[in-house]
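Grab a pencil and work through the exercises below. Each one has a task, and a step-by-step solution follows it.

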Amino acid sequence: MIDVYTWPTPNGHKVHIMLEEVGLKYTIHPIAIGKGEQFQAFFLKLNPNHRIPAIVDQDGPEGKPMSLFESGAILLYLAEKTGSGLLPKTPELKYRTMQWLMFQMGGVGPMFGQANHFRGYAVDKHAYSVERYTKEAGRLMGVLDTRLGESEYLAGGVYTIADIATWPWLRNLHRQGQDLNDFPNVKRWFDAIAARPAVQRGIQVLADKARPANVGMTDEERKWMFGEEQYKAHKRA
Ligand SMILES: N[C@@H](CCC(=O)N[C@@H](CS)C(=O)NCC(=O)O)C(=O)O
């Protein structure tokens, strides 16, 4: 049994989709990040960086519980635990998977997150930041489009954890000022993954708690996510 501490955001969805793909039993524990639940003492012990997702595998290595944070590490762990082809075993495909997984973790996730922040959440719209991150999101989309023009999936001919990590970040591209129709190879790939039954089940996890695209952040949410409470965490641990 895997305990999953999560919320319906792109980083949370990666893990929900992965668990559905590999068919492991899991229990969802919602962590309402807009209400500051990521700062609870028990959660800071699981992830001192106070971000979802985090897991506890009650049947971890040597039969002992194992906790893990960082969505990329969780995907690698679950793929290896289940011996799943989602982390291919042949060296070339395995390292291509790692390469595109790290491209997502170090590029797409952080840059798309900043684009969303400055375009949508920032109270004062700062033109330089909006332009910088919108352009960066567009540049990264171009890199993905080039890759998916030469390869069916990111790592190669097979669907892997690199695709699982990237796909949820492309579900609401208007937030990054992008249009999927401008990137036809990404669109082909996006639609193929969206049709997978495990993906459709994964994005239903906590769907009732997701903020609708047209609803902004409350002052309470801002306080926890970007305001004074965000920077007290080290004092709480
Ligand atoms: N690199 C981390 C990023 C996780 C992350 O940024 N999670 C966000 C939601 S998508 C969060 O929990 N934010 C809470 C906060 O900022 O306090 C991962 O991939 O797991």
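**Exercise 1. Work out how far apart the centres of domain 1 and domain 2 are, and what each domain brings to the contact.**

Step 1: Taken over C-alpha atoms, the centres of domain 1 and domain 2 are 20 Å apart. This is a predicted model, where local features need pLDDT of at least 70, side-chain atom pairs count only at pLDDT 80 or more, and totals for chains, interfaces and linings use all residues. Residues are numbered from 1 along each chain as its sequence is written.

Step 2: Look up the bounds, which come from an automatic or database domain assignment. Domain 1 is 2-84 + 200-236, and domain 2 is 91-195.

Step 3: Domain 1 puts 15 residues into the contact and domain 2 puts in 10 residues (contact: C-beta atoms, placed from the backbone, within 7 Å).

Step 4: On the side of domain 1 that touches domain 2, helix 1 and helix 3 each supply at least two residues (helices, H or I, at least four residues, and strands, E, at least two, are DSSP runs numbered from the N terminus). Helix 1 gives the largest share, seven residues.

Step 5: Sort that side by class and you get nine nonpolar, four polar and two charged residues (Ala, Val, Leu, Ile, Met, Phe, Trp, Tyr, Cys and Pro are nonpolar; Asp, Glu, Lys and Arg charged; the others, Gly among them, polar).

**Exercise 2. Describe how helix 1 and helix 3 are arranged.**

Step 1: The axes of helix 1 (residues 10-22) and helix 3 (residues 71-82) come within 10 Å and cross at roughly 5°. Axes are lines fitted to C-alpha atoms, for helices over the stretch in contact, with angles from 0 to 180 degrees between N-to-C directions.

Step 2: The two helices are therefore roughly parallel to each other (angles under 35 degrees; over 145 is roughly antiparallel, 65 to 115 roughly perpendicular, the rest oblique).

Step 3: Now the residues: Asn 11, Lys 14, Val 15, Met 18, Leu 19 and Val 22 of helix 1 meet Ser 71, Ile 74, Leu 75, Leu 78 and Thr 82 of helix 3. That contact has seven nonpolar, three polar and one charged residues.

**Exercise 3. Find the residues around the ligand.**

Step 1: The ligand has 13 residues around it (C-beta atom, placed from the backbone, within 6 Å).

Step 2: The closest are Thr 9, Asn 11, Ile 33, Arg 51 and Ser 71. Asn 11 and Ser 71 also turn up in the contact of helix 1 with helix 3.

Step 3: By class, the shell holds four nonpolar, seven polar and two charged residues.

Conventions:
Contact = placed C-beta atoms within 7 Å.
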